[in-house]
Amino acid sequence: MDAAEFRRRGREMIDYMANYLENIEQRVVYPDLEPGYLRPLIPSEAPLEPEAYDDIMKDVERVIMPGVVHWNSPYFYAYFAVGSSYPSMLADMLCGALGCVGFTWAASPACTELETVMLDWLGKMLHLPECFLAGAGSHGGGVIQGTASESTLVTLLAARSKAIQQAKISYPEKSEGEILSKLMSYTSEQAHSSVERAALLGGVKVRKVPTDNYAVRKDMLKKMLVEDKAAGFIPFYFCATLGTTSSCAFDKIAELGPICNEENIWMHIDAAYAGSAFICPEFRPLLNGVEFADSFNFSPHKWLLINFDCSTLWLKKRTDLTEAFNVDPLYLKHENQDSGLTTDYRHWQIPLGRRFRSLKMWFVFRMYGVQGLQAHIRKQVMLAKEFESLVRADKRFEICAEVIMGLVCFRLKDSNELNQKLLKKITESRVIHLVPCQLYDKFVLRFAICARATESHHIQSAWRRITQLTVELFQEPSQ
């Protein structure tokens, strides 16, 4: 493919993408196929001779599309929102063309510097404390990670490194292995599984803190800290969640933060989904207490119209992270690395290489503006409230958690088994797509407003489908 054909095929691809997104609700949101469907549809080995581009695109529809879950469909209500917008897609194309691998400032100054500025732009949109922003005299700063899971892992590893160094001073007779065996981390029983996985990868113990109405409060954490310290453990890391995956609950960070500071525990805040909403003044109070945190993360690729992947992490003291990951071979050194005017993001993450992801932020922030992004958040919250009102109006159903943002947790006022059967019917209908959660002992259906294209009539249609399937469920002989 030469430049001339690339121009022609590029225009065709843009048309294909635009047509796909404009007509996405005509596609079945959830595929009807069995595992292993794809292998028989393509050859068992790569072709020896080049194949025609037109044939490849035909196979996109024949092979790929039948197995796609259409996350951008207005009938997709599973998991959480996936960020998507035309400006972000265009920026991603430019990123691919530039081909930067921005592991150091010298490898691509624009890649590094735009990221630093975009993290400051976004931090200011959130009204983060100044200590989290880069700039003259600041010890903090932000970095783009691939996912919130990565942010949890790197902050836990940084906290572990810091705790071990401090413990060596307090307990010089103990080996590093002995100290490591005594480190204890904490998170909510409602926290995402990635926190437990981070502890597993970090080789440290983790305890799940019981919740009150799905949120962690200070009394229970304090009780666990007293127990563990008495047993000889060293509490070192607490991951608070703002907007839990199951119910969008908010840990009480304003009361938890002072405890962590007093006990010299690293407090990390995971606001993967909900963090985008903090750019709206009416939701910003939910972030009060962030001043006590050592690190804060959320994922603009969930709700801020930026395509995956783009998860933003801020540190109050960046050297806590960079010193934990600092390996400095000669071939990566450059003359400006110790100038104080640059940063090398290879020290802020697990991989070495990194893409020019800040281009997506720059394009979206400029083409939507803060007000446009706020309008998007508010619209989706309004749609969630609309669905909540439909559920509350039907006496067969109940709302299981406070609806604060774009997630509604609901269920039939009946057994877990019946709710499981209802979800099975919804999934098999393939008209809308939902996933469940477990809230204490209850099997609950989650309805998350996800797609940028979702409108009120989609919500009404989805509810009609749910109620139709409910009627069918109660008409079955076993019921």
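Q: What does the relative accessible area of Leu90 tell me?
A: Leu90 has a relative accessible area of 43%, so it counts as partly exposed. Buried means under 20%, exposed over 50%, and partly exposed lies in between, with a 1.4 Å probe and protein chains only. This is a predicted model, so local features need pLDDT of at least 70 and side-chain atom pairs count only at pLDDT 80 or more, while totals for chains, interfaces and linings use all residues. Residues are numbered from 1 along each chain as its sequence is written, and side-chain values use heavy atoms, leaving out hydrogens and water.

Q: Where in the fold is Leu90 found?
A: Look at helix H3, residues 86-98, which holds Leu90. Helices (H or I, at least four residues) and strands (E, at least two) are DSSP runs, numbered from the N terminus.

Q: How many salt bridges does a search of the whole structure find?
A: A salt bridge is a side-chain nitrogen of Lys or Arg within 4 Å of a carboxyl oxygen of Asp or Glu. The search finds 28 of them.

Q: Which side chain meets Glu5 in a salt bridge?
A: Arg9 does, at 3.3 Å from N to O. Because Glu5 and Arg9 are four residues apart in helix H1 (residues 3-22), about one helical turn separates them. Glu5 is partly exposed at 24%, whereas Arg9 is buried at 10%. Arg9 also forms a salt bridge with Glu12, with the closest N and O atoms 3.0 Å apart. Glu12 is partly exposed at 33%. A network of salt bridges links Glu5, Arg9 and Glu12 with Arg8 and Asp54.

Q: Where do Arg392 and Glu388 both lie?
A: Both are in helix H12 (residues 358-392), four residues apart, about one turn of the helix. Glu388 counts as buried, at 11% relative accessibility.

Q: What shows where empty space is left?
A: Rolling a probe the size of a water molecule over the atoms does. On a 1 Å grid over the protein atoms alone, a cavity is a set of points where a 1.4 Å probe fits but cannot get out; a pocket is an open set with protein on both sides within 12 Å along at least five of seven lines; lining residues have an atom within 4 Å of a point. One cavity of 30 Å³ or more turns up in the whole structure. The largest cavity has a volume of about 40 Å³, and its lining includes Trp303, His376 and Arg452.

Q: What is the volume of the second largest pocket, and which residues lie nearest its centre?
A: Its volume is about 510 Å³. The second largest pocket is lined by 27 residues, and Phe80, His192, Thr245, Ala272 and Lys302 lie nearest its centre. Helix H5 (148-170), helix H10 (300-303) and strand E10 (435-439) each supply at least two lining residues.

How values were computed. Grid points are joined across faces, edges and corners, and a volume is the space filled by probe spheres set on the points.
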